[in-house]
Amino acid sequence: MKKTYLTVLIMLFASNAIAADNNKLVQAQNAEEQSQASAVNSFRVITRPEIVGLWGMEIPNNRKCVEYYNFKSNNDVVIKSGSEWSSGMYDYQPAQDLDSQIPALILQVKYDNNEVDCSGNKSDQAGEISQYFVQWKNASTINFCANEKGEQCFATLRRVLP
């Protein structure tokens, strides 16, 4: 009788232990599925303006000096010209209709160290807002132009880094 009683007790405890292990396994599987489901939804696609990167412009009357424009993906810009450097913000606006207009670029200088630039000029440009129109020659060459038709282009920039 003792053996029968012990056998029944052992079977009861064993079945409870197996059920508890199964519950833990099911809970772990559910947690993993939830983790995978949230991982699938955590991806974000962020596009950046095509102008992002480091660009260089040779100054016609001073070929030894290159003016650099570093357009960052967060719409900040850093400009280095000779001893002068400035920083600010930009807004690149792609053209809605490529047949009738070209992209626009608005630059706002927030800080200028007021040193001599590649052209030999020394002027504090802090607070200035400029608008240019960007004429793309190819993926690594752009012109800054005065109007949306790509006329009166006055500066050529070449991509240095993507």
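## Basis of the description

Buried here means under 20% relative accessible area, with over 50% counted as exposed and anything in between as partly exposed (1.4 Å probe, protein chains only). The model is predicted, and local features need pLDDT of at least 70, side-chain atom pairs count only at pLDDT 80 or more, while totals for chains, interfaces and linings use all residues. Residues are numbered from 1 along each chain as its sequence is written, and side-chain values use heavy atoms, with hydrogens and water left out.

## Aromatic pairs

Seven aromatic pairs are found in a search of the whole structure; rings of Phe, Tyr and Trp (its six-membered ring) pair if their centres lie within 6.5 Å, with planes under 30 degrees apart counted as stacked, over 60 as edge-to-face and the rest as tilted. The ring centres of F71 and Y90 lie 5.0 Å apart with the planes at 75°, so this pair is edge-to-face. Because F71 belongs to strand β2 (residues 62-71) and Y90 to strand β4 (residues 84-93), the pair ties together parts that are 19 residues apart in sequence; strands are DSSP runs of E, at least two residues, numbered from the N terminus. Both F71 and Y90 are buried.

Y132 and F144 form a stacked pair, 4.9 Å centre to centre with 5° between the planes, and both residues are buried. One aromatic cluster is formed by Y69, F71, Y90, Y132, F144 and F154.

## Surroundings of L105

With contact taken as heavy atoms within 4.5 Å, and not counting residues up to four places away in sequence, the residues that L105 touches include I51, F71, Y90, Y132 and F144.

Key
Helix = DSSP H or I, 4+ residues; strand = E, 2+ residues; numbered from the N terminus.
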